[in-house]
Amino acid sequence: MSIIKQFSVVVLVLISFKCAIAQQTLETVVAKEGDGIIVMLRKEGIDVSKYYAQFLELNEDKLKNGSRLVLGETYRIPDAPDSFKNRGVSISVSDDRERPIFEGELATLRRKDSSLINTVYYLIEHIKTPKEGVSLGMARNLLQSGARVYLLESNVKDSLDLIDYVSVVNKKYLKHNGDYQRLMIIDNSDAIAKTKAEVTVYHYAERVESKRFADNILKVLGKNEINHESLDDYSKVFTDFKNIAFAKNILPPITFIDMDSKSDGEHKTIKVAADKKNITNLITNGILSDYTNTEFNDN
């Protein structure tokens with residue numbers, strides 16, 4: 001056998017071995033009552049039109065009449081890095097445990113557009129009852145526009161400081177280096193339970209991107225009461241030592257939104273209707289505005 005033929009055989013063996021290993025590591029799902037291929041893929045948060053054919057190829061020996069699932073049969077799920085399951089991740093800061101943000105609800109997500117492709121958002125919300133907050137709604141909106149979202153959570157008993165989030169966020173930031181990345185922290189007291197929320201937006205003074213991020217959110221939140229000249233009256237900078245230390249050590253630009261049911265009287269605040277859906281959509285629109293108004297370098 002010639003050297004070229006020997007080399008070709010080795011390459012083919014390696015490719016076959018690699019493919020076999022890849023198939024062995026694919027996730028599997030057991031077909032349940034009412035499942036079809038489309039339903040099964042949507043439950044896994046996968047783009048049906050993009051991965052349908054691959055699913056058929058992976059499971060051709062287990063399909064009835066070429067495309068029907070068999071109840072109780074186990075099926076391989078295509079590797080989909082762009083699935084809602086993989087792009088929307090909740091991280092427990094206490095133990096680094098990761099899970100899909102919308103685990104069990106992935107089928108309810110639908111791609112609306114691709115306006116936030118190649119963007120990464122880190123969301124931290126301080127609130128006693130997470131389900132009553134706005135971060136879940138924001139994560140849903142961002143994911144459905146093509147973004148990658150990390151929802152950073154901690155057990156109430158952990159009493160973590162912001163600085164404890166640094167290593168988790170920075171590791172992910174380096175993993176996605178080159179993408180547009182932003183961190184938002186929301187301090188949500190009892191504002192959502194009231195009719196009006198008093199909103200203050202803070203940024204880190206030493207980062208231009210942080211100021212621009214805060215300003216774009218402010219423009220959307222206060223579109224009826226803020227003009228360009230008065231923007232700085234509402235845009236506040238970090239003065240607390242812990243917040244400044246956090247901002248200095250974190251890699252993505254950061255914006256802090258404080259929502260309360262009443263003003264402290266010391267700062268100008270924006271009055272926003274304290275409806276969870278309304279606030280969620282306003283902040284999401286501010287995030288989108290920041291991205292669309294950012295100038296990117298070609299290199």
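Start at His 203, which sits opposite Val 237 of strand β9. This is a predicted model, where local features need pLDDT of at least 70, side-chain atom pairs count only at pLDDT 80 or more, and totals for chains, interfaces and linings use all residues. Residues are numbered from 1 along each chain as its sequence is written, and side-chain values use heavy atoms, with hydrogens and water left out.

Strands here are DSSP E runs of at least two residues, and helices are H or I runs of at least four, numbered from the N terminus. Two strands pair if DSSP finds at least two bridges between them. With β9 (residues 235-237), β8 pairs in the parallel sense over 3 bridges.

β8 has antiparallel partners as well. It is joined to β10 (residues 254-260) by 6 bridges, and there Val 201 faces Ile 257. Another 4 bridges tie β8 to β11 (residues 270-273), again antiparallel, with Ala 197 partnered by Val 272. How many of the 8 residues in β8 are buried? In β8 (residues 196-203), 7 of them are, buried meaning under 20% relative accessible area with a 1.4 Å probe, protein chains only.

Now for a pair of helices. The axes of α7 (residues 208-221) and α10 (residues 276-292) come within 8 Å and cross at roughly 135°; axes are lines fitted to C-alpha atoms over the stretch in contact, with angles running from 0 to 180 degrees between N-to-C directions.

Terms used:
Buried means under 20% relative accessible area, exposed over 50%, partly exposed in between (1.4 Å probe, protein chains only).
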